[in-house]
Amino acid sequence: MERKIEEFIKAYMKSDKNTLKVFDKPAFGEPAMGISHGDDELYGFYKQHIDPQFYKLPVEWLEETYGHPFDAKNVSVISWVLPQTDDTKRLNREQTDCSTMEWQMNRVYGEECNRGLAKALEEYFKEMGYEAVAPMCSEKFSWGDSDRFYLISNWSERHTAMISGLGTFGLCDGLISVKGKAMRCGSVIVNCRLKKTTRPYSKYNEYCKAGDGCTACIRRCPAGAITPEGHDKEKCVQYHKEVIAKICHDRYGYDGYSTCGLCQTGVPCESRIP
Ligand code: SF4
Ligand code: SF4
């Protein structure tokens, strides 16, 4: 069953859905998959840590979607990482104030592909008679303000990938995954017990080399939003609103959703675990 799910994800990413659309280029390289269990204690830990009133456990997503109780022991979460292509990363490494148009389009059409994969996998499980939900595509997905973290969501793809054995956090809050930090991730929750992926780490930031003196993402950030203490989300968001949007308009003639992401390329954790 686990192999079939992985084949499904790989086949989807080999299809014509994997495209930047306005460029004749794929949005992502080869994906990686991890699986965790609904009763993994880390889900409870992050719920308490992020916001116990707001953040939902995997079993709560199923219960609120289907309107009846589920046993967390019989729930699995399939998580995946979709790495940026070598071409997108190479172009972005040269940028110093704003990411390339390819990177911007990845945030729009790459994310469309990521969400399409989530919906397709949810349907795949439903056709086999399971109950499944892709939180990122659910009408119950939402963002909220947080005194502690500035901005939070009621489901985090990066925390899910971390719990599912795919990587650990970096100084800049990005997830240093088995495919590196320049990636997007997604997940689907289903009511069956699959074989979980072993977490080859015990600390939430084990792969990050900040403790060994790495300052690459600090130097890469044009907003001064990363320091040895971590990532200042408010500063980062302000830079997006005040600078990135203007550069995208002036340089690319693009006024849609725009993003920075410079700390994800040109750093030792860009494409691998450093
Ligand atoms: S660039 Fe260095 S300090 Fe920053 S997240 Fe990567 S490994 Fe950690
Ligand atoms: S996304 Fe851009 S502004 Fe935000 S921390 Fe990374 S480099 Fe800095």
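Modeller: A residue is called buried if 20 or more other C-beta atoms lie within 10 Å of its own, exposed if 12 or fewer, and partly exposed in between. The model discussed here is predicted.

Colleague: Which residues of H3 are buried?

Modeller: Helix H3 spans residues 58-66. Seen down the axis of H3, its buried residues fall within an arc of 160 degrees, so they line one face of the helix. What covers these buried residues includes helix H2 (41-50) together with the strands S2, S3 and S8. The buried residues of H3 are Pro58, Val59, Trp61 and Leu62.

Colleague: Is Pro69 buried or exposed?

Modeller: Pro69 lies in the loop between H3 and S2. With 12 or fewer other C-beta atoms within 10 Å a residue counts as exposed, and Pro69 has 8 of them, so Pro69 is exposed.

Colleague: Against which helix do the buried residues of H4 pack?

Modeller: In helix H4, which runs over residues 86-93, Thr88, Lys89 and Asn92 are buried. They cover an arc of only 95 degrees around the axis, which puts them on the same side of H4. An α-helix has 3.6 residues a turn, so residues three or four places apart point the same way. The buried residues of H4 pack against the helix that covers residues 101-127, namely H5.

Colleague: Which strands stand at the edges of the open sheet?

Modeller: The open sheet is formed by four strands in the order S1-S2-S8-S3, with antiparallel pairing. Each edge strand has a single partner strand, so one side of each is left without a neighbour in the sheet; the strands at the edges are S1 (32-37) and S3 (132-133).

Colleague: Which strands of this sheet does H5 touch, and what angle does its direction make with that of S8?

Modeller: Strand S2 (residues 76-83) and strand S8 (residues 183-190) pair in the antiparallel sense over eight bridges, and Leu82 has Arg184 in S8 as its bridge partner. H5 packs on the sheet and touches S2, S3 and S8, while the angle between its direction and that of S8 is about 20 degrees.

Colleague: Is Gln104 buried or exposed?

Modeller: Gln104 is found in helix H5. Leaving aside its neighbours within four places in sequence, Gln104 is in contact with Ser99, Cys248, Tyr252, Tyr254, Ser258 and Thr259. The threshold for burial is 20 or more other C-beta atoms within 10 Å, and Gln104 has 24 of them, so Gln104 is buried.

Colleague: How many residues lie between the strands S4 and S5?

Modeller: Strand S4 (residues 143-146) and strand S5 (residues 150-153) pair in the antiparallel sense over four bridges. Gly144 is bridged to Ile152, and Ser146 has Tyr150 as its bridge partner. S4 and S5 form a hairpin, and the residues between them number three.

Colleague: How far apart in space are Gln104 and Tyr150, C-alpha to C-alpha?

Modeller: Gln104 belongs to H5, whereas Tyr150 is in S5. The two are 46 residues apart in sequence, and their distance in space, C-alpha to C-alpha, is 24 Å.

Colleague: Is Asp173 buried, exposed or partly exposed?

Modeller: Asp173 lies in the loop between strand S6 (167-169) and strand S7 (175-177), and its phi is positive, near 80 degrees, in a residue other than glycine. It has 17 other C-beta atoms within 10 Å, so Asp173 is partly exposed.

Colleague: What value is phi of Lys21 near?

Modeller: Lys21 is found in the loop between helix H1 (2-14) and S1, and with 13 other C-beta atoms within 10 Å Lys21 is partly exposed. Lys21 is a residue other than glycine, yet its phi is positive, near 60 degrees.

Colleague: Which residues come nearest to ligand 2?

Modeller: The shell around ligand 2 has 10 nonpolar, two polar and one charged residues. Of these 13 residues, the nearest are Cys221, Ala223, Cys236, Cys260 and Cys263.

Colleague: Which residues are closest to ligand 1?

Modeller: The shell around ligand 1 divides into 11 nonpolar, one polar and one charged residues. Of the 13 residues that surround ligand 1, the closest are Gly170, Cys208, Cys214, Cys217 and Cys269.

How values were computed:
Residues are numbered from 1 along each chain as its sequence is written. Chains are lettered from A and ligands numbered from 1 in the order in which they are written. This is a predicted model: local features need pLDDT of at least 70, side-chain atom pairs count only at pLDDT 80 or more; totals for chains, interfaces and linings use all residues. A residue is near a molecule or strand if its C-beta atom, placed from the backbone, lies within 6 Å of it. Ala, Val, Leu, Ile, Met, Phe, Trp, Tyr, Cys and Pro count as nonpolar, Asp, Glu, Lys and Arg as charged, and the others, Gly among them, as polar. Helices (H or I, at least four residues) and strands (E, at least two) are DSSP runs, numbered from the N terminus. The arc is that of the directions from the helix axis to the C-beta atoms. Two residues are in contact if their C-beta atoms, placed from the backbone, lie within 7 Å. Two strands pair if DSSP finds at least two bridges between them. Axes are lines fitted to C-alpha atoms, for helices over the stretch in contact, and angles run from 0 to 180 degrees between N-to-C directions.
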